[in-house]
Amino acid sequence: MINTLYVRGGAGTQNAALAAGGADFPAFCQATEEYDGSSWTAGPNTITIRGYAFSGGSQNAAWLSGGNLGTSPTFLSCTEEYNGSSWSAGGAMITARYYGAGAGGQFTALAIGGQSAATTPAGSTSVEAYDGGSWATETSLINARRIFAGGGVQNAAVAAGIYPG
């Protein structure tokens with residue numbers, strides 16, 4: 001990678017990946033990087049500075065939502081969509097949160113669990129689905145989760161791990 005950042009959003013496959021946002025504490029950033037299977041190149045900045053965001057999709061149809069600005073917990077709800085060359089604003093999440101997991105594509109996304117102002121410091125059971133324009137409430141998780149992994153597609157997703165524990 002070009003930047004030594006962490007807590008980044010990611011999307012894509014092994015030979016066509018995307019990394020966006022992230023942190024090099026104490027600063028968070030807007031950097032986007034694309035991977036072609038052998039090297040990383042710089043892409044356009046995201047609209048919003050953030051880390052710990054929900055993300056998913058492919059290198060040319062990615063989404064990034066929620067997250068934290070890095071200063072005292074600042075919960076974000078904004079969504080951005082990436083078309084392979086630029087970021088544009090999408091619909092805002094119902095509940096602003098970070099530390100969650102994302103799954104699915106740009107028009108069939110899931111924001112799973114995380115931490116919101118109402119659940120601090122515990123995790124959330126909230127799940128929201130995105131259709132490329134707006135977010136809707138979905139069936140809640142069985143266990144509250146934050147700082148974990150997610151994957152799959154909107155109708156066949158997985159949430160793995162939990163913090164703490």
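Predicted model: local features only at pLDDT ≥ 70, side-chain atom pairs only at ≥ 80, totals over all residues.
Residues are numbered from 1 along each chain as its sequence is written. Local features need pLDDT of at least 70, side-chain atom pairs count only at pLDDT 80 or more, totals for chains, interfaces and linings use all residues, and side-chain values use heavy atoms, with hydrogens and water left out.

Start with the rings. A pair of aromatic rings is described by the distance of the centres and the angle of the planes. Rings of Phe, Tyr and Trp (its six-membered ring) pair if their centres lie within 6.5 Å; planes under 30 degrees apart are stacked, over 60 edge-to-face, and the rest tilted. By this rule there are nine aromatic pairs. One of them joins Trp 63 and Trp 135, edge-to-face, at 5.8 Å centre to centre and 65° between the planes. Trp 63 lies in strand β8 (residues 61-65) and Trp 135 in strand β14 (residues 135-137), so the pair ties together parts that are 72 residues apart in sequence. Strands here are DSSP runs of E, at least two residues, numbered from the N terminus. Both Trp 63 and Trp 135 are buried, meaning under 20% relative accessible area with a 1.4 Å probe, protein chains only. Elsewhere, Phe 28, Tyr 52, Phe 75, Tyr 98 and Tyr 99 form one aromatic cluster.

A cavity is a set of points on a 1 Å grid, over the protein atoms alone, where a 1.4 Å probe fits but cannot get out; lining residues have an atom within 4 Å of a point. The structure holds one cavity of 30 Å³ or more.

Now turn to strand β13 (residues 127-130). Val 127 and Ala 129 point one way, Glu 128 and Tyr 130 the other, and all are buried. Strands pair if DSSP finds at least two bridges between them. Strand β12 (residues 108-112) runs antiparallel to β13, joined by four bridges. Here Ala 109 stands opposite Tyr 130. β13 also pairs with β14, antiparallel, over three bridges. There Ala 129 has Ala 136 as its bridge partner. Four residues lie between the strands of this β13 and β14 hairpin, where Gly 132 takes a positive phi near 95°.

Methods: Buried < 20%, exposed > 50% of the residue type's maximum accessible area, 1.4 Å probe, protein only. 1 Å grid on protein atoms, 1.4 Å probe; cavity = no way out; pocket = protein on both sides within 12 Å on 5 of 7 lines; lining within 4 Å. Points joined across faces, edges and corners; volume = space filled by probe spheres on them.
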